[in-house]
Amino acid sequence: MPSRSRFRAGLLAILLVILAIVAPISYLGWRQTVPGVRATVPLPRAIGASPAFTVALQATRGNVARAEVRVVQGGRTQTVARSEAPLGPRGELPVKFESATLGLREGPAVVEVWARDDFWRPLRGGDRLAASAPTTVDLTPPKLDVLAATRYISPGGVQLVAFRVNDAERTDVAVGTRTFPSFAYGQADKGARVALVALPYDYKTGTPVTITARDEAGNVATRAVASELKPRAFPRDTIKISEAFLAAKVPELLPQRPPSQSMLDAFLVINRDLRRQAETTKHEVGAKTADTPLWEGPFTQPRNTKVFSNFAETRTYVYDGRAVDTQVHYGYDLASTKQSPVPAANSGVVAFAGPLTIYGNTVIVDHGLGLQTLYAHLSSIETKVGDKVTKGQELGRTGATGLAIGDHLHFEILVSGVSVTPLEWWDAKWIRDRFNRPLHEAGLPEIAGVGGSGSSDDEPAHPTRVSRRRAPR
């Protein structure tokens, strides 16, 4: 064999030997250096009296085989959560404990997450530190004081609540399970907040109205709001559905109806499903509100109109002599002349303008603090979202769009998307007694345009404008 060929063969042999040695070492070295488990969400910056949070973990390779959460304070390490069962490539470890039970004190601490995966490595180690973050142990709940509140409340009405809170990250005012936002009000150094709380028409006696404040550490303070309930009854009515009504409204409101679906079944879809969609939209629009009052004085009823259908009227729909559905009619139906101008009931900003299922062409005006007015069944809309409007400014013209036959205006007052009776808001005395009085008691600015808060009569003096005649619907 020529010397040159022998050299090449020898060099190849050496390279093969080196490769046989280096490749396994490199492979084992790679496996050894693969990162372990990591936490994918931030750890809490504060820990309260009863912390509850979730640690999200992800293995770089393989699965999360074990995880543990520890709190370190003053040289003491306490295990607060542990999972010995595999969590998969990604997993969550819920953490919940009582700080007092562990002997934690207010002050600095460290939260650590330890974990290991099932990925094979030549040198098998124990748990690795997946995450570590400084935290603060805070065992003191927010300071919460009720300053004033509307004394008398009724189903379908509104209660104003004024309170002061310190060191809270979130504050809610609730009627049972339904929550309402609160807003900073008055001078900033006073730390006062107000909330408009809507009592639904079916409000049950004994359902608590409460304020709940929660700080960053999860500590909670709760206060009950005292009031006196004035019962209120709501009317019932029967609506007869004719073939002409179905023929006029079903194609308009449910154009995608399959040919095999009867007109009655299509109407029930409209009356139930599309009605629920409209309620969802009203709540979504209600969540976008100015944090200061945009209105002044009482709200106004359009001139030369009569109320033909009442707030919270329970309607039984009858077809061919039998009851087929029951729904609740929110707001008032106001009738006047055909295609009458629709004025804004008070100043505000247009929050919604367009079709709204059963309501037809609709405008919603935001008046701040969650308070809004709704104008429906319009034949035309003369405004757009974002427009500032003044009291009495034309928003559109009445009509019969949506689930209405006769030309009229459907008018609602909403608080965070919940319908309340409009009648009270047309009454300056009611606003003076139910709003300005508690604001005055709390030392906060009163709503302008309704006079002082010195009335001695807590009972509202409602206008007598309601007719019991059938709505042209």
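Me: Before I look at helix H5, how is the expected span of a helix worked out?

Reply: The expected span is 1.5 Å times one less than the number of residues. Keep in mind that this is a predicted model. Helix H5 covers residues 428-441, 14 residues in total. From first C-alpha to last, H5 reaches 18 Å, close to the 20 Å expected.

Me: Where does H5 bend, and by about how much?

Reply: Look at Phe 435: H5 bends there by about 30°. A proline, Pro 438, follows within four residues. For another case, go to helix H4, residues 263-286, which bends by about 25° at Ile 270. The 24 residues of H4 should span 34 Å, and its end C-alpha atoms are 33 Å apart, which agrees.

Me: What should I look for at the two ends of H5?

Reply: At the start of H5, a side-chain oxygen of Asp 427 comes to within 3.0 Å of the backbone nitrogen of Lys 429. After the helix comes Gly 443, with a positive phi near 70°.

Me: How many residues of H5 are buried?

Reply: Here is a general idea first: an α-helix has 3.6 residues a turn, so residues three or four places apart point the same way. Now the case here: 11 of the 14 residues of H5 are buried, so the helix is largely enclosed by the rest of the structure. Among them are Trp 430, Ile 431, Phe 435 and Leu 439, and also Lys 429 and Asp 433.

Me: Which strands do the buried residues of H5 pack against?

Reply: They pack against strands E9 (143-149), E10 (152-153), E11 (158-166) and E15 (192-198). An open sheet is formed by four strands in the order E9-E11-E15-E14, with antiparallel pairing. Its edge strands are E9 and E14 (183-184), each pairing on one side only. Six bridges join E9 to E11; in one place, Ala 149 has Val 161 in E11 as its bridge partner.

Me: Is Thr 398 buried or exposed?

Reply: The cut-off for buried is under 20% relative accessible area. Thr 398 has 6% relative accessibility, so this residue counts as buried. Thr 398 sits in the loop between strand E30 (394-397) and strand E31 (409-415). Its side chain makes a polar contact of 2.7 Å with the side chain of Asp 407.

Me: Which residues have the most contacts inside the largest nonpolar core?

Reply: In soluble globular proteins, nonpolar side chains tend to be buried together. The largest nonpolar core here has 65 residues, and Tyr 375 and Trp 425 have the most contacts inside it. Residues that Tyr 375 touches include Val 342, Leu 395 and Phe 411.

Technical notes: Residues numbered from 1 in each chain as written. Predicted model: local features only at pLDDT ≥ 70, side-chain atom pairs only at ≥ 80, totals over all residues. Heavy atoms only, no water. Bend = angle between axes of the 7 residues up to and from the residue. Buried < 20%, exposed > 50% of the residue type's maximum accessible area, 1.4 Å probe, protein only. Contact = heavy atoms within 4.5 Å. Polar contact = N/O pair within 3.5 Å; in protein donor to acceptor, adjacent residues only side chain to side chain. Core = buried A, V, L, I, M, F, W, Y, C linked by side-chain atoms within 4.5 Å. Pairing = 2+ DSSP bridges.
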